[in-house]
Amino acid sequence: MSDEYILEVNNLKQHFPIRTGFLQRVTGHIKAVDGVSFAVRRNEVLGLVGESGCGKTTVGRTVLRLYDPTGGDIWYRTASGERVNVAQLKLKDVKPLRREMRMIFQDPFSSLNPRRTVKDLIGEPLLIQKVAKGKALEERVAALMTEVGLDPNYMERYPHEFSGGQRQRIGIARTLSLSPRLIIADEPVSALDVSVQAQVLNLLQSLKDELGLTLLFIAHDLSVVEHISDRIAVMYVGKIVEMAPSEQLLRRPLHPYAEALVSAVPPADPDVKTQRIILEGDVPSPANPPPGCVFHPRCRYANHDSCRTQEPVLEEIEPGHFVACHLARQLSLAGIGG
Ligand code: SF4
């Protein structure tokens with residue numbers, strides 16, 4: 001792991017047991033995350049995108065050790081330069097890292113205790129970690145509110161007195177309170193109106209530049225992810241199927257699933273006509289994925305035997321462009337506007 005990287009995830013697995021019967025015997029596993037590898041550079045935004053249930057949120061939660069991984073490594077470079085494998089740490093040793101690695105949650109309303117004031121909500125991590133109290137705490141809360149575009153005069157108010165976008169700003173201020181280095185933003189704008197989404201995305205982008213943050217940005221909507229991400233990883237049924245610099249992935253996707261996601265992104269130029277690809281069938285269950293390429297039952301290019309029998313591995317097809325598709329070198333897929 002070179003100094004350039006803050007996070008390196010290798011072959012991460014998160015399998016949840018399926019228990020049935022009176023004795024609750026384990027009869028199978030839901031392979032929510034099944035061999036995911038990626039690395040994130042300092043001050044980079046890596047977007048993790050895929051349909052609901054593809055395992056992207058589980059990746060984020062496992063990186064923070066909110067779940068104990070079934071397998072794999074999560075190498076994190078701390079502020080002091082030490083390289084630690086979060087997957088192997090005892091929980092008591094993970095706690096101090098939670099100052100550096102923080103999460104922004106999807107639903108700003110349910111993630112904020114409605115009975116606490118904004119001052120309490122933003123100040124709580126500072127109190128718990130014994131960073132500030134009393135007047136110093138109040139000043140830090142005021143500064144954080146200003147940073148995220150909220151009026152500090154409203155710090156004694158409750159979450160329900162704010163709009164959805166403002167509540168997400170409160171959530172972001174709470175996340176920033178301990179000056180984190182790595183933020184895992186889990187669908188941070190999905191619960192917001194489209195008009196507010198852009199404001200919150202712009203806020204995250206400017207905070208990232210100003211504070212030198214690194215973000216793992218998780219969302220189901222590629223058009224949201226592409227706005228903020230330097231690189232994008234596409235997940236499907238617990239695996240990364242394509243990963244590339246954002247522009248490269250949007251202009252020239254190499255995986256048929258990524259092509260379908262890209263076809264749903266509205267082009268910046270309204271005169272450019274796009275042909276949306278509607279995927280037939282349902283996402284397979286991670287408890288019982290199909291053999292071969294897990295995407296083959298929905299793939300319109302799956303005419304090759306290997307698609308049904310051999311699982312493709314994630315390969316670097318072009319510099320920095322990784323794809324898991326047997327036909328990646330043969331297919332000519334449509335990118336944005338094309
Ligand atoms: Fe489609 Fe075959 Fe590529 Fe899978 S390996 S995405 S089924 S073409």
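The protein chain is split into domain 1 (5–100 + 181–198 + 209–323) and domain 2 (109–179), with bounds from an automatic or database domain assignment. The model is predicted, with local features needing pLDDT of at least 70, side-chain atom pairs pLDDT 80 or more, and totals for chains, interfaces and linings using all residues. Residues are numbered from 1 along each chain as its sequence is written, and side-chain values use heavy atoms, without hydrogens and water.

**Exercise 1.** Sort the shell around the ligand by residue class.

*Solution.* 
- List the neighbours (a heavy atom within 4 Å), among them His255, Cys293, His296 and Cys299.
- Then sort the shell: eight nonpolar, three polar and no charged residues, with Cys and Pro counted as nonpolar.
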